[in-house]
Amino acid sequence: MRYHNITKDDMLNGDGLRVVLWVAGCNHCCRECQNPITWDPNGGLPFTEAEEAEIFAELDKDYISGITFSGGDPLHPSNISAVTAFAKKIREKYPNKTIWLYTGSSWEEICNEKVVQYLDVCVDGEFQKDKADTALRWKGSSNQRVIDVPATLREGKIVLHCNN
């Protein structure tokens with residue numbers, strides 16, 4: 001897996017204060033994407049034990065609510081296995097921290113992926129410029145859904161994390 005940035009003390013990409021891992025690689029290539037630099041799976045830098053330790057140091061802080069995987073697309077073929085393994089490690093080491101994941105894929109496309117068992121929230125769907133709305137919470141366009149993953153898995157139907 002490769003990445004472009006690790007953002008600390010982020011308040012825009014999930015509940016509370018978070019650390020965000022911006023991975024490289026996306027096949028969705030949404031028109032007017034905010035991060036087109038992250039599309040190339042060979043871009044950015046290699047994600048190594050040093051970056052993992054940097055993220056763990058952030059998650060060790062009581063005031064950090066959790067981690068958000070974004071990009072790019074954390075579920076791009078070049079990322080999914082490493083993101084799944086890392087999410088599992090985070091879930092085991094920090095059971096009270098939340099794990100959010102942004103993907104251009106729909107829930108229906110990814111709901112059987114192993115990674116979902118480690119997620120608290122999944123923001124699904126491609127960004128659509130014609131449905132863009134800056135007033136929306138945690139998403140860029142109205143077609144995207146902010147999904148409560150544990151509740152969705154329990155109920156067998158999509159349960160939204162919030163009302164918008």
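Colleague: What makes Lys61 and Glu58 a salt bridge?

Modeller: Their closest N and O atoms are 2.9 Å apart. A salt bridge is a side-chain nitrogen of Lys or Arg within 4 Å of a carboxyl oxygen of Asp or Glu, so the pair qualifies. This is a predicted model, in which local features need pLDDT of at least 70, side-chain atom pairs count only at pLDDT 80 or more, and totals for chains, interfaces and linings use all residues. Residues are numbered from 1 along each chain as its sequence is written, and side-chain values use heavy atoms, with hydrogens and water left out.

Colleague: Why is Glu58 called buried?

Modeller: Its relative accessible area is 7%. Buried means under 20%, exposed over 50%, and partly exposed in between (1.4 Å probe, protein chains only), so Glu58 is buried. Lys61, at 29%, is therefore partly exposed.

Colleague: What makes Glu52 and Lys89 a salt bridge?

Modeller: The N to O distance is 3.1 Å, so the pair meets the definition. Glu52 lies in helix H1 and Lys89 in helix H2 (residues 80–93), so the bridge ties together parts 37 residues apart in sequence. Helices (H or I, at least four residues) and strands (E, at least two) are DSSP runs, numbered from the N terminus.

Colleague: How do you know whether Glu52 and Lys89 are buried or partly exposed?

Modeller: Glu52 has 18% relative accessibility, so it counts as buried. Lys89 has 37%, so it counts as partly exposed.

Colleague: How many salt bridges does the structure hold?

Modeller: Eight. One of them joins Glu54 and Lys8, at 3.0 Å from N to O.
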